[in-house]
Amino acid sequence: MSDALLRRERARVWAAGRDLFLDDDRRLPERVRYAAAAMLRGAVAAAEEALRRRAAALLPPGPAADAMVMPLLSVYDLLDGRGLLRCHRLTAETVAAARLDWLAERLSAAGRGSDLTGRLLDAEGPVAAAALQLVRAEAAARSDRPAPPLSPASRIRLLWHAAAAIRLDVDPLAAAALGRAAEELCREAAAALRPGPAASAVARVVSAPPDARGAMLVDALGDGAVMLAAAFLAEWSGIDRRAAAGLLLDTDDELLWHALRAAGVGAEDRAVVAAFLAEADPARDLEALASGLAAASAADEATRAAALATLRLPGPMRDAAAALERRGSGSRG
Amino acid sequence: MMPGRTPGMEGWISLDGSGRLLAGDAALLALNAAAGGGTGRELALPALDVVAQAARRIGTAVTRPVTLGGEAGDAVLIAEARPAQDGIRLTLSRPPAADVPPDRADEWPWEADAKLRLRFVPRGLGERYGFDALALVGGPLTGLFTITDAPDLVEGKRSFGARRAMLCGGRPVLVRGGAVAGRDGRFLGYRGIVLSPQGVEGSADRLAELVRALSAPTLRVVEEADALRMEAGLAEADWRRADDMAAAGRHLMALVRERSGDAADEAGDPAGGMAPVALLAAARRAAALLPAGGPAVAVGGAEVVAAGDERRVVQVLLNLLSNAARYSPPGEAVSVRAGRTGPSAWITVADRGPGVAAADRARVFERLWQAGAADMGGSGLGLHISRTLAHEMGGDLILEEHDGTGARFTLYLAASLAP
């Protein structure tokens, strides 16, 4: 057997071993895995297409502009082959987007829609204005599918990597246009409307007395508006939105129930939230869900505050802490 | 033009680190030789050489379309060059089929809420026709389009078929909309499609072509079946078969006549009369039109009423049942179930045949697509037409993913507002 064959065989066995010994509870549902993979390809394709189109528009008509929009290499294959897509943040955002989509679809399919966003659009002043931004951000995100709504940081990183890859098959004049196109697109990415921040803006301006919060959260989940529900939960419980979205997606965590209590959501509405999530996601352990609910109901204020302390840290600090922990355990991200 | 094999070829060649030809399949070697090249020399096919050079320079796989000439004319092929251990391996293949079926490329979805505010329209529609589509989201639906001959049509909050409309910016298009109802029958909004006139004209041409092709043979089938029924001394079983044939033929003729009208008036109202349709009853009517001797059709469960056009619903179910019957193993029944999920009513036709291979799932609704051997019968048009009919009623037809054996198709329609 040649060295190349031996290397291939070793790589195959190594990959199969990783798959074989992966814990079931760490394994992504197949559908989410496929969706996340499609989103990752979509994100790279969107960055590449935007760069090529913008750079071609910056070039005078002619062979250089034509070559810019005629891909010679696969940017995805190149970035993947060099390991540049194996970024912790990019992976986390892509998988979270796929899981949120999946949960939203399952919740919507249950037919409990109340069109909370429509009611917010009917409201006066800043609430209607924030709701309008939210529906436009959601329409923009849906238009961009399969690319996920990445954070500006991830989008910018991807744009520069894609630009560097495209540079390999264009001439120096075109490469300069590519650089300018990337700069412009990075500025636009930083300012782009995204559903997450738009939902947070709605949650900030909605006046929700504690006794109305449970119903609003339940309505948002019934509509499949998971990002809006996460924004409400974050605003009312003092945690950040990404953390709140993570709690709604987690399968067996008491933290969601602590956060709901901290948000002022009553026991009855907490149970409705539990029922919605259990129905939408068959992987949730019903026993763990019930005992988590009961434990959170019985917990005192100090216990709840301690449980949520980490989630109340600023998002970048939690990211840094997680990175520190990964490096400490020897993995790279 | 270079001599050589018809350039629809697929093949491979390998080059050393300096770009000299090492080996390859016979056809590509012959093509290269005809262009003046040979083993141990640089590639004589410039289009392929460019791709190979790029892969060597960049150090990763490079794929691009290339045009090669041959005795039968030019052909566009896909060349992929991959760095190998000792040089470059280059393979040629045929281009894949387009991702988007051509007759769907000019369709753009839109959604509105109960207050007729536009809630979704893809950014691409605006980019195509020169306006900012996202800026219209949240505003009145009439900001996106106005139905030309009935500006107040959407106020009726009922499904409507393709109608001439004026898109934002003054471009004429066709628009159709399906009313979405809640569990309690409340109007929740619209889900619809904007069709560019170009796309619609194309589909109208195809429809007219199909109608012309179907009219004469359908009439002939009915006449023959009627004549057979009149024959003296016909056995009971044969008479029943002839009766089935005549009934099925008349049903098809009614559809052909109706579609002739659609084709003649491309901007007509293909949704026809939307009314409450009992789905299981429609399935029983469709099952009665199947030829005798096929698998049993088990229609079970509680009746569900959808908003649709009864004749179209029966036609879709007849197509699905015929399809299921064709692929069902002997002795296995085809099962039909119906239900409601939120604002939608659905009916599923499931068989226990070989199912649809994962690779084919995305293509089953394409025109002329057929699973397995061609001798299974069928025109390859049934599923394509069925999905078109479902869309015309503001619904959808999908191939379900499931773990069991067989294929499972589900027709989704808005649940009826009627009790």
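Biologist: How many residues of chain A are in contact with chain B?
Modeller: 23 residues of chain A are in contact with 27 residues of chain B. The model is predicted. A pair counts as a contact because the two C-beta atoms lie within 7 Å.

Biologist: Which helices of chain A supply at least two residues of the side that touches chain B?
Modeller: Helix H4 (75-81), helix H6 (116-122) and helix H7 (125-143) of chain A each do. The largest share, 7 residues, comes from H7(A).

Biologist: How does that side of chain A divide into nonpolar, polar and charged residues?
Modeller: There are 12 nonpolar, 6 polar and 5 charged residues.

Biologist: What makes a residue of chain A count as buried, and what share does?
Modeller: A residue is buried if 20 or more other C-beta atoms lie within 10 Å of its own. In chain A, 40% of the 333 residues count as buried. Chain A has 18 helices and 0 strands.

Biologist: Is the crossing of H10(A) and H12(A) left-handed or right-handed?
Modeller: The crossing is right-handed.

Biologist: Which residues meet there?
Modeller: Among them, A:Ala199, A:Val202 and A:Ala203 in H10(A) meet residues of H12(A) including A:Leu228, A:Ala231 and A:Phe232. By class, the contact has 9 nonpolar, 2 polar and 2 charged residues.

Biologist: Now chain B. What is the order of the strands in the open sheet?
Modeller: The order of its 5 strands is E13-E15-E16-E18-E17, and the pairing is mixed.

Biologist: Why are E13 and E17 of chain B called edge strands?
Modeller: Two strands pair if DSSP finds at least two bridges between them. Strand E13 (297-299) and strand E17 (396-399) of chain B each pair on one side only, and they are the edge strands. The twist averages 20 degrees from one strand to the next.

Biologist: How do you know that E16(B) pairs with E18(B)?
Modeller: 7 bridges join strand E16 (residues 344-350) to strand E18 (residues 408-414) of chain B. The pairing needs at least two, so these strands pair. They run antiparallel, and B:Ile347 stands opposite B:Leu411 in E18(B).

Biologist: Which helix lies across E13, E15 and E16 of chain B?
Modeller: Helix H7 (residues 279-288) of chain B does, running at about 165 degrees to E13(B).

Key:
Residues are numbered from 1 along each chain as its sequence is written. Chains are lettered from A and ligands numbered from 1 in the order in which they are written. This is a predicted model: local features need pLDDT of at least 70, side-chain atom pairs count only at pLDDT 80 or more; totals for chains, interfaces and linings use all residues. Helices (H or I, at least four residues) and strands (E, at least two) are DSSP runs, numbered from the N terminus. Ala, Val, Leu, Ile, Met, Phe, Trp, Tyr, Cys and Pro count as nonpolar, Asp, Glu, Lys and Arg as charged, and the others, Gly among them, as polar. A residue is buried if 20 or more other C-beta atoms lie within 10 Å of its own, exposed if 12 or fewer, and partly exposed in between; C-beta atoms are placed from the backbone. A crossing is left-handed if the near helix is turned anticlockwise from the far one by less than a right angle, and right-handed if clockwise. Axes are lines fitted to C-alpha atoms, for helices over the stretch in contact, and angles run from 0 to 180 degrees between N-to-C directions.
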